[in-house]
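Hi,

Here is the structure I said I would pass on. Have a look first, and then read my notes on the strands below.

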Amino acid sequence: MERIPILDLKRQIAPIRQELDAAIKKIIDQANFVLGKEIADFENSAIDYTKAKFACAVSNGTDAIRLSLLAVGVEPGDKVLCPAFTYYATAAAIASIGAVPVLTEIDPNTYNILPEEIARIAKKKKIKAAVPVHLYGQCADMDNILQAAKKYNIKVVEDTAQAFGASYKGRKAGTIGDCGAISFFPGKNLGGFGDSGMVLSNSKKYDDTLRLLRNQGNKEKYNHVIIGYNHRMDTLQAAILNVKLKYLDSWNRRRQETAAYYNQALKGLNLALPFVPDYNEHIYHQYVFRVKNGRDKLMQYLIDKGIDARVYYPQPIYLQKPFRYLGYRKGDFAQSEKAARQVLAIPVYPDLTREEKEYIVAAIKEFFRC
Ligand SMILES: Cc1ncc(COP(=O)(O)O)c(C=O)c1O
């Protein structure tokens, strides 16, 4: 068996190569590389797909969070909640605009923010915004999050970097809070050929501000009305993403089928398999289980067998060097630390073959027999 990577984009690209080549060629022929017509086309496709009222294409997922926070009115010094267990960029985006990340514990079943934490913290400190993360491809409990947010006048920016296409009670991830920040990093379920992102919202006011922020505060050429940035999506990425979006649901279905196969095949082992509440449609950006004992040994065993098992993420935010200034200590978020010690992801991308999936399952079972 050849090595099984955590993701093989070449397999995804091959069957749609001609369509992608044609879309890229068109942009080169038109030479409309910045804010070309394809940007609006892709924004409209994203609106059709998610049913958000507005979509603003931007440079990447981190900038999507930054700009969302600015659009909802976060200012330097404001406190912004986010989970202690997430990818670094969630907290970095908050810190990058001079706001202060305030960390919360996670639900040990879904790895997402605990809604009751929002109210608990907001009772004690003034919180301007919260950034729940839809980790691994399933939504945080948005209704309860929004209820707490409403009570304490907190704006909600959904970190939808890993969950474009997932849904919560029938609503698409990223369309439920004030803004939804999407990443189209190449490895995401919908990924470009480089970095790009998007902000979804249902407010014209936010969308208008986002469009200024992403393009140097430009209302029209050389009329700059606010301090903005260069956070535009490339036309080339929009053209590529517009081709790939048509396939997203079928790719996500194949991920779900693989997850169902793993759930069945790995039952009965000493693992905590992914938990999906009834309200969620999980799109398995990652298939992650918990290994109660010996996670690192299992990971090494799989790697030695040629299977690219990975840990997302080995350290909670506050134990990483750039965030030590926040003043949290080891032990502050027991569930986040436990998740960082126990989680393990195995390949779940849509193009895995049946033989590869069976090989992965057999290797995991073999580990537990040894
Ligand atoms: C949870 C989360 N938030 C934010 C980001 C940032 O997205 P980008 O890499 O497009 O800046 C990522 C990307 O990996 C992510 O996984």
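In what order do the three strands of the open sheet come, and is their pairing parallel or antiparallel? The order is β7-β6-β13, and the strands pair in the antiparallel sense. At the edges sit β7 (171-172) and β13 (280-281), each of which pairs on one side only. Bear in mind throughout that this is a predicted model.

Within that sheet, strand β6 (residues 167-168) is joined to β13 by two bridges, and these strands run antiparallel.

Which strands does β5 pair with? One of them is β4 (residues 129-130), which runs parallel to β5 and is joined to it by two bridges. Here Ala 129 has Lys 155 in β5 as its bridge partner. To get from β4 to β5, the chain passes through helix α7 (residues 142-151), giving a β-α-β crossover that is right-handed.

β5 also pairs with strand β8 (residues 179-183), again in the parallel sense, this time over three bridges. For Asp 159, the bridge partner in β8 is Ala 181.

Cheers

Technical notes
Residues are numbered from 1 along each chain as its sequence is written. This is a predicted model: local features need pLDDT of at least 70, side-chain atom pairs count only at pLDDT 80 or more; totals for chains, interfaces and linings use all residues. Side-chain values use heavy atoms; hydrogens and water are left out. Two strands pair if DSSP finds at least two bridges between them. Helices (H or I, at least four residues) and strands (E, at least two) are DSSP runs, numbered from the N terminus. A crossover is right-handed if, with the strands pointing away from the viewer, the path from the first strand over the helix to the second runs clockwise.
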